[in-house]
Amino acid sequence: MAAAVTDPARERLRRWRLVLGGDAADGTGCALSGQDAAMDGALTALYGKRDKPPTIRTGRERSAGLGASAPSVARWLGDIRTYFPSAVVQVMQRDAIDRLGLATLLLEPEMLEAVEADVHLVGTLLSLGKAMPDTTKETARAVVRKVVDELEKRLATRTRATLTGALDRSARVSRPRHHDIDWNRTIAANLKHYLPEHRTVVPERLIGHGRAAPSVKKEVVLCVDQSGSMAASVVYASVFGAVLASMRSVDTRLVVFDTAVADLTDRLDDPVDVIFGTRLGGGTDINRALAYCQAQITRPAETVVVLISDLYEGGIRDEMLKRVAAMKASGVQFVTLLALSDEGAPAYDREHAAALAALGAPAFACTPDLFPEVMAAAIEKRPLPVPDPL
């Protein structure tokens, strides 16, 4: 950053000038120089006024300040990484892709090497799909690998710890060891044995947390909508699927769908393979996907099905709801997530969400940090920690 300015009034003008841009209408009368001028140039290239639609054109004509060539964009990416923190860089990259139509430039390996990798960039790469040339695929895979590794470091340990505890607690025993006694349940079960003269409860029946043996398994089915709006959810679901699959006491299946259904369970040892096995876009047939998942369930009372979708159903709505009701009636714990991302709830079909809630499967957006708690609650068959509506 630029050197500290001793005059508070001058510093305020400088900050306003950076916020308002270089237009004559900024009214600050403050001229920028050095690094401040360079920062202002990087911001103007992206957020400056444009009279034409924000698309990159070939040739000399352009509608934004980044130019139409990969080298000029790569230089801009280097500039913003110099002047702004990583979180801001990721936002600016996302805006550049959305506002200036830069997605096609990501097909060039040099561009991919210059960007700041994050979940949204992975989603953009997935949306490019078959348009990606072979010369770019290895670079794209390296970018996705970097993002996945960072997500696993952030999420894996806590997820395993939370779910291991839930699996242990889900195995109740009547003769627990002292440190496994569930005192709240034990006291509630023995209140009739209260001795007033001693002001105590005689616990004739102990209730405790059993220790789940490796052979005791829960079955988890992640059923993920791969329509274009669900890109971030697909990435996070792939990472969580790999984490769950690494736990011996959980039998995990990952199914992705649009109008067709693809079972990616055999790729769960590497979430990058899972991510590249998806294809964003296309229609949606939730009923067909749930029919496939239902057919895979062998132990309903020990199974958790997690549907991750914005619920815009292109299949048979009534059949979808009947299928959910049938699974719940058989003992399946059914969870509906409108999104698995940090962005909150996307646009979604509210009528379908209300219908699922009426069946006892409330639909809500879930952040990656909350997901382990949601899964733990489902495994223990207790109420889900549904976030408060905004």
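The legends below describe an overview and close-up views of a predicted model. Residues are numbered from 1 along each chain as its sequence is written, and side-chain values use heavy atoms, with hydrogens and water left out. Local features need pLDDT of at least 70 and side-chain atom pairs count only at pLDDT 80 or more, while totals for chains, interfaces and linings use all residues.

**Figure 1. Overview of the protein, with 14 helices and ten strands.** Helices (H or I, at least four residues) and strands (E, at least two) are DSSP runs, numbered from the N terminus. The protein has 390 residues, and 46% of them count as buried; buried means under 20% relative accessible area, with a 1.4 Å probe and protein chains only. Its accessible surface, about 19600 Å², is 52% carbon and sulfur, by the Shrake-Rupley method with a 1.4 Å probe. Of the contacts between residues at least 6 apart in sequence, 71% join residues at least 24 apart, where contact means heavy atoms within 4.5 Å.

**Figure 2. Packing of helix α12 (residues 317–329) against helix α13 (residues 350–358).** The two axes lie 10 Å apart at an angle of about 25°. Axes are lines fitted to C-alpha atoms over the stretch in contact, and angles run from 0 to 180 degrees between N-to-C directions. The angle makes α12 roughly parallel to α13, a term for angles under 35 degrees. The crossing is right-handed, that is, the near helix is turned clockwise from the far one by less than a right angle. From α12, R317, M320, L321 and V324 meet E351, H352, A355 and L356 of α13. These contact residues comprise five nonpolar, one polar and two charged. Here Ala, Val, Leu, Ile, Met, Phe, Trp, Tyr, Cys and Pro count as nonpolar, Asp, Glu, Lys and Arg as charged, and the others, Gly among them, as polar.

Figure 3. V119 has a relative accessible area of 10% and is buried. Beyond residues up to four places away in sequence, V119 touches V147, L151, A232, V235 and Y236. S233 is 114 residues from V119 in sequence, yet the C-alpha to C-alpha distance between them is 9.3 Å.

Figure 4. T136 counts as buried, at 0% relative accessibility. Which residues does T136 contact, leaving aside neighbours within four places in sequence? They are L106, L107, E108, P109 and L112.

How values were computed:
Buried means under 20% relative accessible area, exposed over 50%, partly exposed in between (1.4 Å probe, protein chains only). Angles under 35 degrees count as roughly parallel, over 145 as roughly antiparallel, 65 to 115 as roughly perpendicular and the rest as oblique.
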